[in-house]
Amino acid sequence: MSALEMRYEVPGNDFTRAGEASSAIKNKLKQMGIPPGVVRNVAIAVYEGEINMVIHASGGTIDVFVDSDAVSLVLRDTGGGIPDVELAMREGYTTAKEDIRSLGFGAGMGIPNMIKYTDEFKINSEVGKGTVVEMKVYLEK
């Protein structure tokens, strides 16, 4: 059982609220005394996933589990899914529309940054059904 479990709803297509969940998670982890480097990595990875849900999936949920050795994250959406996950994992690849890119989002670094800032990363996506991303950041390296 986790020492702490949290769930955040991510509204889709609402850039005024984009980042709220990752900010709340970051603040809660700081309050818990989680090491700053771990907090930073979790915050970056969650923010990237949250933005992807806002842009591509009309929202979703973020579940956070904190236990004695790691912060585990499960991001779920019921969006359109990712047709080519391998391609989506490449730096710079994006399917974001021009209006989204003009806002400063959709640079194609979302999934690559999620991979870079976590110790474990798994993605399962089905076209027409949605995407589940599982990430873990260990408390000690």
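Helices here are DSSP runs of H or I with at least four residues, strands are runs of E with at least two, and both are numbered from the N terminus. An axis is a line fitted to C-alpha atoms, for helices over the stretch in contact, and angles run from 0 to 180 degrees between N-to-C directions. This is a predicted model, where local features need pLDDT of at least 70 and side-chain atom pairs count only at pLDDT 80 or more, while totals for chains, interfaces and linings use all residues. Residues are numbered from 1 along each chain as its sequence is written, and side-chain values use heavy atoms, leaving out hydrogens and water.

Start with helix α1 (residues 20-31) and helix α2 (residues 36-56): their axes come within 8 Å and cross at roughly 165°. That's why the two are roughly antiparallel (angles over 145 degrees). On the α1 side, the contact (heavy atoms within 4.5 Å) includes Ile-25 and Leu-29, and on the α2 side it includes Val-42 and Val-46. Its residues split into eight nonpolar, one polar and four charged. Here Ala, Val, Leu, Ile, Met, Phe, Trp, Tyr, Cys and Pro count as nonpolar, Asp, Glu, Lys and Arg as charged, and the others, Gly among them, as polar.

A pocket is an open set of points on a 1 Å grid where a 1.4 Å probe fits, with protein on both sides within 12 Å along at least five of seven lines; lining residues have an atom within 4 Å of a point. In all, 37 residues line the largest pocket, and Asn-52, His-56, Ile-82, Thr-95 and Ile-111 lie nearest its centre. By class, the lining has 20 nonpolar, 13 polar and four charged residues.

Terms used. Parallel < 35°, antiparallel > 145°, perpendicular 65-115°, else oblique.
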